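Look at the chain below and follow its strands from one end to the other. Then read on for a short tour of the fold.

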Amino acid sequence: MKKLVLVAAMAAALSTTAVKAEDYVIDIEGQHAFVQFKISHLGYSWLLGEFNDFEGTFSYDEANPAAASVNVTIDTTSIDSNHKERDEHLRSDDFLAVEQYPEATFTSTSYTPNEDGSAVLAGDLTLRGVTKSIEIMVDEIGAGPDPWGGFRRGFEGSVSLTLADFGIDYNLGPAAKTVELYLSIEGVRQ
């Protein structure tokens with residue numbers, strides 16, 4: 001009888017699949033992810049742009065969202081504001097100093113979900129050689145199978161950054177001391 005109970009317990013343990021985090025690669029190839037920015041232009045209008053080249057991964061566990069993690073690397077030379085001369089200035093030492101700092105990175109340190117599907121993603125952003133802790137307000141957009149037999153999960157988020165915190169003190173007027181980053185991320189489960 002003891003052997004039968006032991007065998008039954010082992011079979012039950014083996015048949016129970018533990019839920020674990022799923023790993024995703026951000027879908028850059030299909031252009032289903034964006035890192036965009038918005039900053040005041042002299043207090044009169046908005047300047048919009050994006051970083052065309054970046055890559056990243058994230059892990060997400062539906063049973064334990066607080067265990068989520070994210071890693072992203074942005075090619076700062078890929079900044080694109082739809083104006084060649086301005087982009088050259090943004091790449092200069094006045095702003096991103098891309099010759100010295102060709103990459104910006106974000107590594108998450110925590111993910112705090114709310115009951116409404118939103119969350120706070122905290123982590124370390126390194127930009128222009130300066131690392132600061134930031135908090136990104138995140139909303140889960142959705143998850144499910146795609147038409148090609150894969151599985152995808154998407155999020156969007158935003159954060160306001162103070163330029164001087166990252167050594168950018170070029171005077172664009174008092175309304176341009178912060179930049180808003182908007183992130184739209186779709187990952188393909190691996």
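## A loop, the strands and a pocket

Glu-62 sits in the loop between S4 and strand S5 (69-75). Helices (H or I, at least four residues) and strands (E, at least two) are DSSP runs, numbered from the N terminus. The model is predicted: local features need pLDDT of at least 70, side-chain atom pairs count only at pLDDT 80 or more, and totals for chains, interfaces and linings use all residues. Residues are numbered from 1 along each chain as its sequence is written, and side-chain values use heavy atoms, with hydrogens and water left out.

Is Glu-62 buried or exposed? Glu-62 counts as exposed because its relative accessibility is 55%. The cut-offs are these: buried means under 20% relative accessible area, exposed over 50%, and partly exposed in between (1.4 Å probe, protein chains only). Glu-62 and Gly-173 are 111 residues apart along the chain, and 44 Å separates their C-alpha atoms.

**How the strands pair**

Two strands pair if DSSP finds at least two bridges between them. The table lists some of the pairs.

| Strands | Direction | Bridges |
|---|---|---|
| S1 (residues 22-26) and S4 (residues 54-60) | antiparallel | 4 bridges |
| S1 and S11 (residues 178-189) | antiparallel | 3 bridges |
| S2 (residues 34-41) and S3 (residues 45-51) | antiparallel | 7 bridges |
| S3 and S6 (residues 79-80) | antiparallel | 2 bridges |
| S4 and S5 | antiparallel | 6 bridges |
| S5 and S7 | antiparallel | 5 bridges |

Find some partners in the model. Val-25 is bridged to Thr-57 in S4, and Tyr-24 to Arg-189 in S11. Lys-38 has Leu-48 in S3 as its partner.

S5 has a partner on each of two strands. Ser-59 bridges to Ser-69 in S5, while Asp-75 bridges to Glu-103 in S7. Which residues of S5 are on its covered face? They are Val-70, Val-72 and Ile-74. The uncovered face holds Ser-69, Asn-71, Thr-73 and Asp-75. In a regular strand the side chains alternate between the two faces of the sheet.

**Two positive phi angles**

S2 and S3 form a hairpin with 3 residues between them. Leu-42 lies in the loop between these strands. Leu-42 is not a glycine, yet its phi is positive, at about 60°. Leu-42 is partly exposed, because its relative accessible area is 45%.

Ala-97 is not a glycine either, and its phi is positive at about 50°. Ala-97 lies in the loop between helix H2 (84-91) and strand S7 (103-113). Its relative accessibility is 3%, so Ala-97 counts as buried.

**Core and pocket**

A nonpolar core is a set of buried Ala, Val, Leu, Ile, Met, Phe, Trp, Tyr and Cys residues joined through side-chain atoms within 4.5 Å. The largest such core has 42 residues. Phe-54, Phe-58, Tyr-111, Ile-136 and Leu-161 touch the most other members.

Take Leu-161. Not counting residues up to four places away in sequence, Leu-161 touches Leu-125, Ile-134, Phe-166, Lys-177, Thr-178, Val-179 and Leu-181. Contact means heavy atoms within 4.5 Å.

A pocket is an open set of points on a 1 Å grid over the protein atoms alone, where a 1.4 Å probe fits, with protein on both sides within 12 Å along at least five of seven lines; lining residues have an atom within 4 Å of a point. The largest pocket holds about 860 Å³ of space. Of its 46 lining residues, Val-35, Phe-37, Phe-51, Leu-161 and Leu-181 are the closest to its centre.

Notes. Points joined across faces, edges and corners; volume = space filled by probe spheres on them.
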